[in-house]
Amino acid sequence: MSQIQQQTLENHLEQLKKCTACPNMIGPVITPTPVISKVYLCGQAPGPREGSFGRPFAWTAGKTLFKWFETIGLNEEQFRAVAYIGAVCRCFPGKTKQGGDRVPSTLEVSTCASWMSREFQLMKPELIVPVGRLAIEQFLPIAPLNEIIGKKFQVEAFGQQCDVIPLPHPSGASTWFKREPGITLLAEALTLLGSHPAWAEIVNSAGS
Ligand code: SF4
């Protein structure tokens, strides 16, 4: 990683924090640790709690996600220090009348993708880890989780050739990964992730 790359990323995140492009999104814009990495984790959108912590995956879903990663060599602190955490949308979309988190609109997703595109140009990630359906659908054709979790795909994303290893959303509201075949498929996905060269590289860098 060059100092220029690092400075460019930090400038990028400063600009991102000021983004107000989507009138129906609720700030603040949530940004990650400014780390240049070959591993790009793509979340969906922050929940209502992330704003007070000022970082992605700061609440219960994050706790589950980082427990998964601990089984393949990185605890939360290490992961945040060596992997980049992006998202389909970087602001909280608000709640629906039914009380769930609103799914971002197609326009919001495409507007926010311009930030992700810049991150891909800068970092040229080798491995994308999309977490949850909305994130997975940005990189892979729509398909049931049973057919895509536990597999590795090769895609071109924002002009970069990348491997994609999707994960289910670790939300407490999701039951998919808590019962079969989700339990087995999640274990297979984590095995694939742990044995990927880009993952091995960030595990090594976390230990050095
Ligand atoms: S969701 Fe993305 S594009 Fe929309 S206001 Fe937030 S940072 Fe900007």
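Which residues are around the ligand? They are Leu16, Cys19, Ala21, Cys22, Met25, Val29, Arg90, Cys91, Thr111, Cys112 and Trp115, where a residue counts as near a molecule if one of its heavy atoms lies within 4 Å of it. This is a predicted model, in which local features need pLDDT of at least 70 and side-chain atom pairs count only at pLDDT 80 or more, while totals for chains, interfaces and linings use all residues. Residues are numbered from 1 along each chain as its sequence is written, and side-chain values use heavy atoms, with hydrogens and water left out.

**Ligand shell**
- By class, the shell holds nine nonpolar residues, one polar and one charged; Ala, Val, Leu, Ile, Met, Phe, Trp, Tyr, Cys and Pro count as nonpolar, Asp, Glu, Lys and Arg as charged, and the others, Gly among them, as polar.
- Helix α5 (residues 106-123) supplies the largest share of the shell, three residues.

**Sheet**
- Five strands make up an open, mixed sheet in the order β2-β1-β3-β5-β4.
- Its edge strands, each pairing on one side only, are β2 (84-87) and β4 (153-157).
- On average, neighbouring strands of the sheet are turned by 35° against each other, direction ignored; the axes are lines fitted to C-alpha atoms, and angles run from 0 to 180 degrees between N-to-C directions.
- Helices (H or I, at least four residues) and strands (E, at least two) are DSSP runs numbered from the N terminus, and two strands pair if DSSP finds at least two bridges between them.

**Strand β3**
- Strand β3 (residues 127-130) pairs in the parallel sense with β5 (residues 160-164) over two bridges, and also in the parallel sense with β1 (residues 39-43) over four bridges.
- Ile128 is the bridge partner of Tyr40 and stands opposite Val164 in β5, while Leu127 stands opposite Asp163 in β5.
- Leu127 and Val129 on one side of β3, and Ile128 and Pro130 on the other, are all buried, meaning under 20% relative accessible area with a 1.4 Å probe, protein chains only.

**Nonpolar core**
- The largest nonpolar core has 61 residues, a core being a set of buried Ala, Val, Leu, Ile, Met, Phe, Trp, Tyr and Cys residues joined through side-chain atoms within 4.5 Å.
- Its largest share, seven residues, comes from α5.
- Phe139 is among the residues with the most contacts inside this core.
- Beyond four places away in sequence, Phe139 touches residues including Ile128 and Pro130, as well as Val164; contact means heavy atoms within 4.5 Å.

Conventions
Buried < 20%, exposed > 50% of the residue type's maximum accessible area, 1.4 Å probe, protein only.
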